[in-house]
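I opened this notebook to record, entry by entry, what I looked up in the structure shown below.

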Amino acid sequence: MKALRLHQSGKIQLHNEPIPNPEGGKVLVQVTSVAICGSDLHWLNEGGIGDAKITHPLILGHEAAGIIASGPHKGTRVAIDPAINCGECKYCQEGNPNLCQNMRFSGHGLQDGALREYMSWPEKFLFPIPDALSLNDAAMLEPLGVAIYAMDIANIKPGIRAGVFGCGPIGLLIIQLARAMGATQIIAAEKLPHRLEAARACGATDTFLIQSEEDVPDFFKITEGEGVDVAFEAAGSNHALQCAIQAAGYGTTIILVGIPNDDEHRLTASQVRRKELTFKLCRRMKHTYPRAIRLAEQGLVDLKSIVTHRFSIDEFQEAFSVAANRQGLKVIIEPTT
Ligand SMILES: [Zn+2]
Ligand SMILES: [Zn+2]
């Protein structure tokens, strides 16, 4: 089978490898759809993400779906939950599987991911999808889960004002969820015009095209001088964080969703103290697949419009370059179609 391995930063190669042999609660999955994530681009460009560095030739890919290809459920279309938690450690026991200390995560560290034709995966981390969802939709349930979890920790209430800074796929999904949850004003800011256009289509009420690193618009002006009730930093940039801090109302919360390139969040102490801001960070997600599936199935969230590019696994170079250049929105690689 074909498998795509990252050897070191900038060097990714297609290999011919044996089909894995599933054992111990695992089944074989024919991988049909893998969405490229900003975190994959960190691995590719920097040979790691944050303080995790590449230690062996790694198969990337954690936003994935496929068809079960062995065992009694052969033929079932599934979303692949990339996070295999142990279920035993203190954090798992306390109901925080996303903080599991024995976590294996698809396409991270020592755990090979989904950018291959077949993978062996524990069946309890596979979620069957309804007919209404395509397999490419199913690959998008992982980023939707990240957005859902960001909303969970944000404590959204009906009628609030929200600000979303950075309108990549996660930002766009947060905007859709904010709209579905009854936010009455959704401010979106973004550097790329086509992404801002998508933000409007997703439900943003006030959009700002960011012109430069110094450009921090006066978001207060359009919130009757009150600021937003919750701000999401979804770009992984300190500029977006600055915008979020500017937009945030007094005593409100900023959710840090993005992963910064330089592994650093910068704050001006006086500014954030004066507003008595709360900062919350989110680590992936917690059991969001069932909710993500229902939201997508009922059309409360539109995943199709987020996917703008599709490539075969042989076209991986082009797929990664489109994703790295932030052309379109989401790029999907289809290993077996
Ligand atoms: Zn991702
Ligand atoms: Zn655990």
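I began with helix H6 (residues 193–202), whose buried residues are Arg195, Ala198, Ala199 and Cys202; buried here is a residue with 20 or more other C-beta atoms within 10 Å of its own, the C-beta atoms being placed from the backbone. Seen down the axis of H6, these buried residues fall within an arc of 105°, so they line one face of the helix; the arc is that of the directions from the helix axis to the C-beta atoms.

I noted that the model is a predicted one, in which local features need pLDDT of at least 70 and side-chain atom pairs count only at pLDDT 80 or more, while totals for chains, interfaces and linings use all residues. Residues are numbered from 1 along each chain as its sequence is written, and chains are lettered from A and ligands numbered from 1 in the order in which they are written.

I then asked what the buried residues of H6 pack against, and found helix H5 (169–180), strand S14 (185–190) and strand S15 (206–209), where contact is C-beta atoms within 7 Å. Just after H6, Gly203 has a positive phi of about 125°.

Next I looked up the sheet, which is open and made of 6 strands in the order S15-S14-S13-S16-S17-S18, with parallel pairing; strands pair if DSSP finds at least two bridges between them. S15 and strand S18 (278–281) stand at the edges with a single partner strand each, so one side of each is left without a neighbour in the sheet.

Last, I checked strand S13 (residues 161–165), which pairs with S14 in the parallel sense over 5 bridges, and I saw that Arg161 has Gln185 in S14 as its bridge partner.

How values were computed:
Buried ≥ 20, exposed ≤ 12 C-beta atoms within 10 Å, placed from the backbone. Helix = DSSP H or I, 4+ residues; strand = E, 2+ residues; numbered from the N terminus. Contact = placed C-beta atoms within 7 Å.
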